[in-house]
Amino acid sequence: MIRTVRTPDGRRLAVCQRGDPDGAPVMLFHGTPGSRLGPVPRPMTLHACGIRLLTFDRPGFGESDRQPGRSVASVAADACTVADALGIGRFAVLGRSGGGPHALACAALLPERVTRAAAMVALAPRDAMGDAWFAGMTPGNIEAYTQAFTDPEALRQVLEDRAARIRADPASLLANIDEGLEPTDRAVIRQANIRQELVAAYAAAVSRSADGWYDDALALAAPWGFDPADIRVPVYLWHGAEDRFSPVSHTRWLGERIPRATVDLEPSASHFSALLRMPQVIVWSGARVSWDAAVGLGARGRGTGTSGHRGSGQAGQPGQPGRSVRIGPERSS
């Protein structure tokens with residue numbers, strides 16, 4: 001179900017609901033660029049797991065009105081607006097990639113409403129990490145985020161040009177980022193259903209302009225407006241160890257500072273691998289089905305993967321907040 005809600009300042013937010021209308025509410029924050037139409041589990045899976053999944057276009061993306069000058073922290077007010085409009089009191093949050101910091105913002109700033117939070121292949125705050133923020137990042141992202149705070153007008157022009165190409169050929173974004181893709185990424189986006197959903201999400205994201213993409217880049221590169229160390233709810237942090245878009249060091253940094261974080265680093269996984277694990281994390285976020293049960297659904301082939309694909313295997317158990325999971329030879333937290 002898709003609807004539009006109004007914020008107190010009169011902006012429109014495009015919202016989509018899927019799954020069980022009486023289920024546990026989980027608010028999913030899309031990537032950058034992205035939209036409410038991004039890859040998610042099949043409705044039958046959400047119903048079976050008792051999940052009411054909520055997504056909305058961040059300001060400037062898709063059908064949502066722009067909010068110039070927004071910070072990452074600004075999303076908390078919009079999340080409350082969406083929840084209030086749908087009659088929801090408390091809810092879980094989950095963000096993938098550029099959506100990860102926005103989910104963490106809600107966890108930090110809405111302690112009375114957010115039950116638990118998850119962030120997958122997320123960035124950490126640039127001002128807090130310093131020069132280490134760029135270590136291991138693909139050159140294209142280094143250039144874009146550097147322009148975000150040194151030459152924003154140049155970045156705007158780049159993103160406007162890319163958005164125009166996406167409107168003409170929605171699949172072009174996947175071709176443009178190919179140089180940053182690891183073999184594991186390519187294996188994920190070669191799956192027809194995932195590729196189709198990603199292309200649809202990108203097309204919707206820039207259907208009117210590149211404003212959301214631009215504003216997201218500025219917000220992610222600027223001070224976020226909150227301290228991740230203030231988060232008190234259980235937090236699950238997942239990262240593929242081979243990610244070059246959002247380097248794994250960012251999740252290590254977050255895991256060392258968020259008090260009740262469980263850190264799950266998966267070897268031989270990269271940025272888009274999160275799409276395979278995300279359905280299980282959605283189930284954990286809803287908290288009505290245990291993590292073991294969520295993984296079991298995938299093992300029995302009942303369509304817990306995005307668009308019916310299986311997850312990537314059990315690497316950690318986010319049902320135990322505060323326990324760091326060490327995967328591979330490097331220290332996870």
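In helix α11, the residues V248, H250, T251, R252, W253, L254 and G255 are buried (under 20% relative accessible area with a 1.4 Å probe, protein chains only). The structure is a predicted model, in which local features need pLDDT of at least 70 and side-chain atom pairs count only at pLDDT 80 or more, while totals for chains, interfaces and linings use all residues. Residues are numbered from 1 along each chain as its sequence is written, and side-chain values use heavy atoms, with hydrogens and water left out.

Because seven of its ten residues are buried, α11 (residues 248-257) is largely enclosed by the rest of the structure. The cover over these buried residues includes α3 (99-109), α4 (126-129), β7 (235-240) and β8 (261-266). Helices (H or I, at least four residues) and strands (E, at least two) are DSSP runs, numbered from the N terminus.

Turning to the sheet, eight strands form an open arrangement in the order β1-β2-β4-β3-β5-β6-β7-β8, with mixed pairing; two strands pair if DSSP finds at least two bridges between them. β1 (2-6) and β8 stand at the edges with a single partner strand each, so one side of each lacks a neighbour in the sheet. Between β2 (residues 12-19) and β4 (residues 51-56), the pairing is antiparallel over five bridges, and V15 stands opposite F56 in β4.

Methods
Buried < 20%, exposed > 50% of the residue type's maximum accessible area, 1.4 Å probe, protein only. Contact = heavy atoms within 4.5 Å.
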